[in-house]
Structures are given as structure tokens and as C-alpha cells.
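Please look over the sequence and the model shown here before reading the notes. The points are grouped by topic.

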Amino acid sequence: MKKLFPILCLNLVVLSVFADEPKAKIFNSKYAATENRIGILVVSNPTFVFNSGEAYNNGGSILQLDVVTVLNTLFRYDVDVRTTSSVLTHNLSSATIPVSNFQIRAVGAGGVNIGWVTLSSSNTKLVDEANVVVDSAIWGLEYRTFGGADFLNKPAGNYTTSIIFTVSTD
Amino acid sequence: MKKIIFSISLLALVFFGGQAKAQLTGTAVLTATLTDVITVVSTSAPIFLFTTADHYNNGLTVNETGTLIVSSNMPFDLSVSSATANLAFLTNEIPVSNFTVQVTNAGGDAISPVALSTTPQQVVNEGTAGILRALNLTYATAGGSAFIGKPAGAYVATLTYTVSVD
């Protein structure tokens, strides 16, 4: 009995560490992972239209409020962003525009302020240590580009790439 | 001993269970829609002042620096034409063919000075794309008999510049 005593004490210490967190959060976290209850949903696609000299010279910005829904993180969470390609590709030719001409930031996500992030095909942190989401949290995104030489000498048309948002808890 | 091992396992489950890595993704499509932007604006007009015999004999040159503003997201061509075959003052006329024009900073292929005409004359071929490019124009005339025997006055013709992309 004496040998067991330190172990039981240790158990009590562990439980007391989590005592300020609702038990449901602790023990449901494994279900959250295995049942995919944690999630992120983006419901809007940004389109920049270059139809003036001003747009080509100075770019523009697109603010999309309430387009991201984060579900059941149960812990503080991060969101990384990346594109599936390092370039936007023309729909009718092989012409491309580097995605590095575009920036993005989270609007109203909370957490550590990161600010503008230049898009790339590598994961880049967009949201850092945002508050726990028990049910769902909704926030927005803002995109911008400064225009410039990378948009000139390109045939007219639509240039696209996909943006991947990844939510994770530590 | 079994109880001790069980307790340690339980500890590990509780401790690491809370750190289970979980992540999912959402997607959006980023689109840039490019449309051709092609504009040209003239901000000045050349004025030739014939005030000396040398002007009448040998002509003169007028440089219009940065007065033709072209925007084109693609390499562009530029042509010029006159609305009339002559500069006119009342009933007096001077053929526009006595004047030439050259664009000196558009990039693209070099084009020599061209004589003005009612037929469009190309002054830029595959000029460098850009927005609000300020082009330099050099107008010139060699003077000569076309200017002799004409009453003093302001002889005027209207020029039209047209920008296009291939």
C-alpha cells in the first residue's frame, strides 16, 4: 500500500491540473479527433478583377466577413494557409501569375495578431492560438494585392489557384 | 507491481490524450480576372512657330515630352492619323505631309519618323506594356516652299492617336 501511494498522488496532481477545464473538453478531445468534429469551412472565393489602369498599377483588396467557420476545437487552435500551386494559372493558356502577389489576413479570429501573410505553396500561419471553440466560431478573411509588373504582359482571362486552410490544435 | 504499471499507463493516457493532434482543412479558390486595359490620352498639342527666315528655309523641331499617356496591359501598337490632308487657316492650306512625328521612348521596334497623313501611320510597334506610360513625341518639319506664299495665321489640323494590341 505504501508503494502505491506516490502513484495515486501523482494521479491526483494530473487531475488537478485540468480541474479548471470542463471535463467534457478533456475527455471528448479524442473523439473530436477521431470523429472529425473539429473542422474549418470556408464558404467564399475571392476574385480580383483587373479592369482599369488603377487595378493593374495599385491592385486592390477584398474583405469577406463571416466566411470561415471553425468547429469544436476544444483547445486553442491555429490555422495555416497555403496554396496548391506557387502560381495562379490561366484558364486558356500556360500563362501564370505568382501567388506571392497576394496577401491574406484573418479578420476577427482572435489569438496572437499575425497580420498580413503573403500567400505561398508552403504552410504559413494565419491564426495563432485563437480561443477555444466549443461549438463554432465564425470570422472573416481579407485579401489584397498591390498589382504591378507580374500582371502585365498576360493574356486576358481567369487565373486561379486553390487556397487550403488547415486548422489544428496543439 | 501490476497495479503500479496500470497506474502509470492510466497517467500516460490522461496526459497524452489531451495532446492528440487534430487538423482538418477548408478550401477557397483565388481568382484574378484580367481584362485588357488600353487607353491613350494626349495632354498637349505641338505648336510650330515660324518666326525667322531660317524656320521657313530649314524648318524646326518641337519636342513634346511625356504628353501622350498610354496604358496597356499588353505590348501595344500606336498609330497616328490626321483628320484632314491639310492644316487650314481660313481658305489657306499646308499639307500635313510636311510634318513628321516620332515616338522615342515606347520600347518595342524602332520606327523612324513618319510623315503625317490621313491614313494611319504606325509610330510604335510592340511597345512595352505599362500603365500610364508617358510617351515622348518629336514633331518636325523641313520647312520649304509649302510654307511660302501663305498669309500669316494659325494653321491647324487634328491628329488622332490610336493604340491597339495584337
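This is a predicted model: local features need pLDDT of at least 70, side-chain atom pairs count only at pLDDT 80 or more; totals for chains, interfaces and linings use all residues.

Residues are numbered from 1 along each chain as its sequence is written, while chains are lettered from A and ligands numbered from 1 in the order in which they are written.

**Chain B overall**
- Chain B has two helices and eleven strands; helices (H or I, at least four residues) and strands (E, at least two) are DSSP runs, numbered from the N terminus.
- The order of elements along the sequence of chain B is α-β-β-α-β-β-β-β-β-β-β-β-β.
- Chain B has 166 residues, of which 22% count as buried (20 or more other C-beta atoms within 10 Å of the residue's own; exposed means 12 or fewer, partly exposed is in between, and C-beta atoms are placed from the backbone).
- Of the chain B contacts between residues at least 6 apart in sequence, 73% join residues at least 24 apart; a contact means that the C-beta atoms of two residues, placed from the backbone, lie within 7 Å.

**Strand β7 of chain B and its partners**
- β7(B) is joined to β10(B), residues 130-141, by five bridges in an antiparallel arrangement; two strands pair if DSSP finds at least two bridges between them.
- Thr100(B) has Ala140(B) as its bridge partner in β10(B).
- β7(B) also pairs with β8(B), residues 114-115, in the antiparallel sense over two bridges, and there Val101(B) is partnered by Val114(B).

**The β5-β6 hairpin of chain B**
- β5(B), residues 86-89, and β6(B), residues 92-95, run antiparallel and are joined by four bridges.
- Two residues lie between these strands in the hairpin, and Leu90(B) in the turn has a positive phi of about 55 degrees.
- Leu87(B) has Ile94(B) as its bridge partner in β6(B).

**Gln122 of chain B**
- Gln122(B) lies in β9(B), residues 121-127.
- Gln122(B) is classed as partly exposed because 15 other C-beta atoms lie within 10 Å.
- Leaving aside residues up to four places away in sequence, Gln122(B) touches Asp77(B), Ser79(B) and Ile111(B).

**The sheet in chain A**
- An open sheet of five strands has the order β1-β3-β10-β7-β8 in chain A, with antiparallel pairing.
- Its edge strands are β1(A), residues 39-42, and β8(A), residues 117-118, each pairing on one side only.
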